[in-house]
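Open the structure in your viewer and keep the selection tool at hand. The stops below say what to select next and what is there.

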Amino acid sequence: MESPPPKFALPVDSEHKATEFRLFSVAAPHMRAFHLSWVSFFACFVSSFAAAPLVPIIRDNLNLTSTDIGNAGIASVSGAVFARVAMGSACDLFGPRLASASLILLTAPAVFCSSISSSPTSFLLVRFFTGFSLATFVSTQFWMSSMFSAPVVGTANGVAGGWGNLGGGATQLIMPLVFGVIRDIGVVKFTAWRIAFFIPALFQTLSAFAVLIFGQDMPDGNFHGLKKSGEKAKDKFSWVFYYGFTNYRGWILALTYGYCFGVELAVDNIIAEYFYDRFNLNLSTAGIIAASFGLANLFSRPGGGILSDIVAKRFGMRGRLWTLWAVQTLGGVFCIILGQVGSLSGSIIVMIAFSVFVQAACGLTFGVVPFVSRRSLGVVSGMTGGGGNVGAVVTQLIFFRGSKYSKQTGITLMGIMIICCTLPLFLIYFPQWGGMFCGPSKKANATEEEYYLSEWKSNEKEKGFHLASLKFSENSVSERGGKVDSVTRPSDETSPAHV
Amino acid sequence: MAARGILLASLLLFSCLAVTCYGIVLFSSLPSTLVVTASPKQGQVLKAGEDKITVTWGLNQSLPAGVDSTYKTIKLNLCYAPISQVDRRWRNTVENLAKDKTCQFLIVSRPYDGSNKAVQSFEGTVERDVPTATYFVRAYAYNSDNVEVAYGQTTDSHKTTDLFQVQAISGRHVSLDIASACFSAFSIVSLIGFFVVEKRRGKQSQQK
């Protein structure tokens with residue numbers, strides 16, 4: 001009658017989400033999903049920022065002005081603002097596998113067509129459309145939140161997000177290298193950069209194929225199959241959107257994420273030029289320093305996610321919020337110092353400290369996001385991710401466009417804005433877990449179940465659509481802190497097969 | 001005449017002192033002792049990689065003798081006119097020649113022979129990596145320490161006369177255009193293909 005419960009390579013909870021995170025395993029479905037999602041996200045980051053290190057060549061080929069270059073930089077991060085929210089809804093409705101692979105294959109033509117751009121306008125347009133692919137961040141986080149259980153979800157989200165973001169740093173090394181090889185074969189440089197763009201474009205396309213062929217939406221299968229067998233209900237877009245949009249915590253996290261991730265994107269676009277101008281370095285040295293800012297993501301963002309999970313074991317959700325506030329505020333402090341320091345070695349040290357704290361704050365943010373909503377996880381992830389890009393656009397517009405502020409003044413002011421825009425974290429309050437200043441509510445109905453099931457209407461509950469949220473609410477009791485082991489495991493599981 | 005000569009000589013002396021003191025060569029310290037001409041006329045457009053440019057240079061014969069005693073090498077450069085420097089900080093003109101970005105393309109470099117009073121000339125093709133912009137030609141004279149000691153240019157001191165343009169290559173090729181179009185179409189078509197296969201597989205498993 002009922003098929004035997006599937007055996008997983010990793011220990012799982014009642015939703016079949018993995019309770020352990022094993023980095024060097026590629027076991028299906030959990031760790032395989034992890035590797036597919038971070039590699040495809042990495043490819044999108046490489047493509048979106050591929051132009052940045054080659055701008056000195058492109059600006060002469062296309063006759064760009066500083067304003068054109070600044071506008072293209074802003075365009076590259078603004079497309080993803082709405083794309084991330086849309087991606088969130090798409091994940092809720094179609095599943096992360098189809099949503100991310102579709103976006104990646106739909107934006108690959110923009111990367112291929114970068115090779116044939118011939119004017120400032122066409123350059124801006126290809127950077128704008130390529131930037132849409134940064135919405136794969138949302139599908140990455142959604143996929144990890146679907147595959148990994150509460151005790152490790154911060155780690156999974158942090159490593160996947162961080163290693164994807166790494167693409168922004170890696171591209172500053174990859175693209176000049178590819179360009180150099182092509183030029184050394186004998187191709188004139190105004191053609192060599194065009195050929196170089198085929199590399200990130202092909203990488204992006206192949207990663208999308210891998211996601212489609214080897215990926216799976218949830219531990220139990222794909223959305224399509226699960227919907228047909230009745231295990232996953234086909235949800236209504238309007239309600240998914242409504243419950244995500246009306247959750248004030250999503251909006252606060254969108255704002256604060258704009259001042260860790262948004263700041264990171266803005267700095268990616270201006271830091272090479274800052275070192276080049278202020279300390280008179282040559283372009284390749286400035287590029288290496290710029291790359292190291294992005295490459296810190298290898299450990300700093302995952303570190304934030306891991307820290308979030310460690311703190312949650314003892315202090316629950318309140319610990320996650322306090323740590324996020326403290327780390328992001330420290331990031332703001334280092335940013336202020338960076339604008340003031342006048343020596344090269346001092347600047348590099350402060351910049352690295354700044355990058356570690358700001359990227360860790362990104363990881364810590366997505367230790368909180370999976371708990372804001374269960375039904376509308378995609379929409380909340382999308383809003384937060386979109387907020388990150390809004391922060392990047394706003395920061396570049398206010399401080400780094402035109403000649404109103406010198407770059408060092410802009411950086412100091414950006415640091416002050418980070419500290420101010422992190423304060424709203426104090427307003428986040430979960431009735432069942434508390435907030436930064438208040439403990440959990442003493443009322444009888446202040447439970448995880450009540451919080452997550454309030455997202456479903458009674459007629460939907462009658463049809464049993466809310467069962468996944470129910471399981472999640474049971475598993476999330478661990479967010480009360482105090483070493484409560486609440487992760488429910490399938491009762492008929494005798495000994496899970498480990499890899 | 002003699003006064004002008006003394007003035008020039010003292011300026012030279014002062015600029016040499018300036019160099020020795022700070023190691024920084026300022027453009028305003030260089031005397032304009034070279035006469036430089038270029039073949040393109042005012043407003044003419046040259047095509048990079050195709051058209052030829054002829055430059056001539058020589059010492060201004062009306063100057064007193066001995067002015068060129070330290071010159072060892074002459075380098076002729078293609079330099080950006082002010083209109084091509086607007087809103088392009090990477091082409092800025094600054095006084096410190098080590099940081100000056102006005103002249104980024106070398107046309108020719110030749111050793112200087114003070115005994116040969118004839119005007120030197122060189123004809124070459126405009127390189128393919130020269131961007132679209134408005135230019136003039138400037139020559140720098142270097143001493144044996146490879147430090148600039150004099151200059152000459154085709155335009156006036158405000159860089160407004162005798163400017164010509166270069167039209168760069170686009171860098172595009174028909175083969176690149178076709179490859180971009182094909183790969184783009186391939187991505188979209190393969191996505192549709194995947195959807196079709198998924199739907200068919202879904203129908204098959206339903207029928208079972």
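Start by selecting Ile188(B), which sits in helix 2 of chain B; helices (H or I, at least four residues) and strands (E, at least two) are DSSP runs, numbered from the N terminus. Ile188(B) counts as partly exposed because its relative accessibility is 30%; buried means under 20% relative accessible area, exposed over 50%, and partly exposed in between (1.4 Å probe, protein chains only). The model is predicted: local features need pLDDT of at least 70, side-chain atom pairs count only at pLDDT 80 or more, and totals for chains, interfaces and linings use all residues. Residues are numbered from 1 along each chain as its sequence is written, chains are lettered from A and ligands numbered from 1 in the order in which they are written, and side-chain values use heavy atoms, with hydrogens and water left out.

**The nonpolar patch**

Accessible areas come from the Shrake-Rupley method with a 1.4 Å probe; for residues, only the protein chains shown count as cover. Which element gives the most to the patch? Helix 2 (residues 174–207) of chain B does, with three residues.

Stay on helix 2 of chain B and select Ser190(B). Is Ser190(B) buried or exposed? Ser190(B) is buried, with a relative accessible area of 13%. Apart from residues up to four places away in sequence, Ser190(B) touches Leu105(A) and Phe209(A); contact means heavy atoms within 4.5 Å.

**Chain B as a whole**

Select chain B, which has two helices and nine strands. Along the sequence the pattern is α-β-β-β-β-β-β-β-β-β-α. Of the 208 residues in chain B, 39% are buried. Chain B exposes about 11,900 Å², and carbon and sulfur atoms supply 59% of that area. Among contacts in chain B between residues at least 6 apart in sequence, 76% join residues at least 24 apart.

Two loop residues of chain B come next. Asp87(B) lies in the loop between strand 4 (73–80) and strand 5 (103–111). Its phi is near 60°, a positive value in a residue other than glycine. Asp87(B) is partly exposed, at 34% relative accessibility. Asn146(B), in the loop between strand 7 (133–142) and strand 8 (148–153) of chain B, has a positive phi of about 60° although it is not a glycine. The relative accessible area of Asn146(B) is 49%, so Asn146(B) is partly exposed.

**Two helices of chain A**

Move to chain A and show helix 3 (residues 66–94) with helix 4 (residues 96–113): their axes come within 7 Å and cross at roughly 135°. That angle makes helix 3 of chain A oblique to helix 4 of chain A. The contact is made by Met87(A), Ala90(A), Cys91(A) and Phe94(A) of helix 3 and by Pro96(A), Leu98(A), Ala99(A), Ser100(A) and Leu103(A) of helix 4. Axes are lines fitted to C-alpha atoms, for helices over the stretch in contact, and angles run from 0 to 180 degrees between N-to-C directions. Angles under 35 degrees count as roughly parallel, over 145 as roughly antiparallel, 65 to 115 as roughly perpendicular and the rest as oblique.

**Salt bridges**

Select Arg374(A) and Glu15(A), whose side chains meet in a salt bridge (3.8 Å, N to O). The pair links distant parts of the chain, 359 residues apart: Arg374(A) is in the loop between helix 16 (344–368) and helix 17 (377–399) of chain A, and Glu15(A) is in the segment before helix 1 (30–48) of chain A. Arg374(A) is buried at 14% relative accessible area, and Glu15(A) is buried at 11%.

In chain B, select Arg172(B) and Asp177(B), a salt bridge with its closest N and O atoms 3.2 Å apart.

Methods:
Salt bridge = Lys/Arg side-chain N within 4 Å of Asp/Glu carboxyl O.
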